[in-house]
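Hi everyone, thanks for coming. Please have a look at the sequence and the structure on the screen, and then I'll walk you through them.

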Amino acid sequence: MQTTALFELPAAVTLQSVPPAVAETVSPKPKRKPRAVHASVPTVPSTTVPDELIRQADRVVISSSGGKDSQAQASYVVGRADALGMLDKVVVVHADLGRVEWAGTRELAEEQARLLGVPRFEVVQAEGADLLERVGIRFGKLKAKAEKEARERGEDPAGAKVAPAWPSSSARWCTPDAKRGPIQRLYTRLTAELAHLGRPVRILECIGQRAAESDQRAQLAEVEINRSASNGKRHITTWRPIHGWSDARVWREIADSGLPYHPAYD
């Protein structure tokens, strides 16, 4: 299978120049003071038991990138919700990253959700520039900074070393804009739909992060309150259902489900 296309940038996009109108859409905002968390938001989860988490939730939102971990967690969580007779609570959401996605990823995530019997599939996207444009903008800023510092040191700016512009495990700058923000806008919609409950809507967000992926992820709690996304109208509990799973356990879940997985793994 050809894999070179994953690293090819469209000819129309250059990292050295980005239209000013696009740059304005992703200009860094001034730092704000930490937002006060509503007094009704709990500090710790009332339970860490999987079935109880699902029972207590008004909506169970499963993030699906189309990759193996999110596919395995979707299969696992949907199976538990179905066994409890609560499949109607489940929403699968795919954060579309634009042109950096493998072709067909969005369609695969939707097909997996359909085959699992999930009643609702949502696609969210960042507003303004897509991830590829944001990488270009970031490169331009990093390049200008490196050249400025080189001139201040009396060195040739042409030889300045530019820091990597692509997001990585140590520089996850894309996550808030490309994934977290758009998904939280979905939470706002879900909250409005359930406003008739007359109390804070309880949303269980399921994320396919595993401890085996990195030291940083190993330190994450399997269940915690997402206080930054919670407010007086909604309480968000983060659940990492496969946090302790190995690669072998992930692939066993996928094999047992019989669902198609992303061809990139071949």
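Predicted model: local features only at pLDDT ≥ 70, side-chain atom pairs only at ≥ 80, totals over all residues.

**A walk through the chain**

Let's start with Ala 255, which is exposed, with a relative accessible area of 58%. Here, exposed means over 50% relative accessible area, buried means under 20%, and partly exposed is in between, with a 1.4 Å probe and protein chains only. Ala 255 lies in helix 8.

Residues are numbered from 1 along each chain as its sequence is written, and side-chain values use heavy atoms, with hydrogens and water left out.

Now the overall layout. The chain has 8 helices and 6 strands. These are DSSP runs numbered from the N terminus: helices are H or I with at least four residues, and strands are E with at least two. Starting at the N terminus, the order is α-α-β-α-β-α-β-α-α-β-α-β-β-α. Of the 266 residues in the chain, 39% are buried. If we take contacts between residues at least 6 apart in sequence, 77% of them join residues at least 24 apart; contact means heavy atoms within 4.5 Å.

Next, please find the loop between helix 1 (20-25) and helix 2 (50-56), where Val 41 sits. Is Val 41 buried or exposed? Val 41 is buried, as its relative accessible area is 6%. Leaving aside neighbours within four places in sequence, its contacts are Ile 225, Arg 227, Ser 230, Asn 231 and His 235. Val 41 and Asn 226 are 9.3 Å apart in space, C-alpha to C-alpha, and 185 residues apart in sequence.

Ser 46 is also in the loop between helix 1 and helix 2. Ser 46 is exposed, though, with a relative accessible area of 65%. Between the C-alpha atoms of Ser 46 and Thr 237 there are 9.8 Å, and along the chain there are 191 residues.

Let's move on to Val 118, in the loop between helix 4 and strand 3 (121-125). Val 118 has 11% relative accessibility, so it counts as buried. Not counting residues up to four places away in sequence, Val 118 touches Val 78, Val 90, Val 92 and Ala 113. Its C-alpha atom is 6.9 Å from that of Val 91, 27 residues away along the chain.

Two of those partners, Val 92 and Ala 113, bring us to a cavity. Rolling a probe the size of a water molecule over the atoms shows where empty space is left. On a 1 Å grid over the protein atoms alone, a cavity is a set of points where a 1.4 Å probe fits but cannot get out, and lining residues have an atom within 4 Å of a point. Grid points are joined across faces, edges and corners, and the volume is the space filled by probe spheres set on the points.

How many cavities of 30 Å³ or more does a search of the whole structure find? The search finds 1, and about 50 Å³ of space lies in the largest cavity. Its lining is made of Ser 64, Gln 71, Ala 74, Val 92, Ala 109, Gln 112, Ala 113, Leu 116 and Leu 259. Helix 3 (68-83) and helix 4 (105-116) each supply at least two of the lining residues, and helix 4 gives the largest share, 4 residues.

Finally, the aromatic rings. The whole structure has 4 aromatic pairs. Rings of Phe, Tyr and Trp (its six-membered ring) pair if their centres lie within 6.5 Å; planes under 30 degrees apart count as stacked, over 60 as edge-to-face and the rest as tilted. Trp 251 and Tyr 261 have ring centres 5.3 Å apart and planes at 85°, so this pair is edge-to-face. Trp 251 lies in helix 8 (residues 247-257) and Tyr 261 in the segment after helix 8, so the pair ties together parts 10 residues apart in sequence. Trp 251 counts as partly exposed at 30% relative accessibility, and Tyr 261 counts as partly exposed at 33%.

Elsewhere, ring pairs link Tyr 76, Trp 239 and Trp 245 into a cluster.

Note on methods. 1 Å grid on protein atoms, 1.4 Å probe; cavity = no way out; pocket = protein on both sides within 12 Å on 5 of 7 lines; lining within 4 Å.
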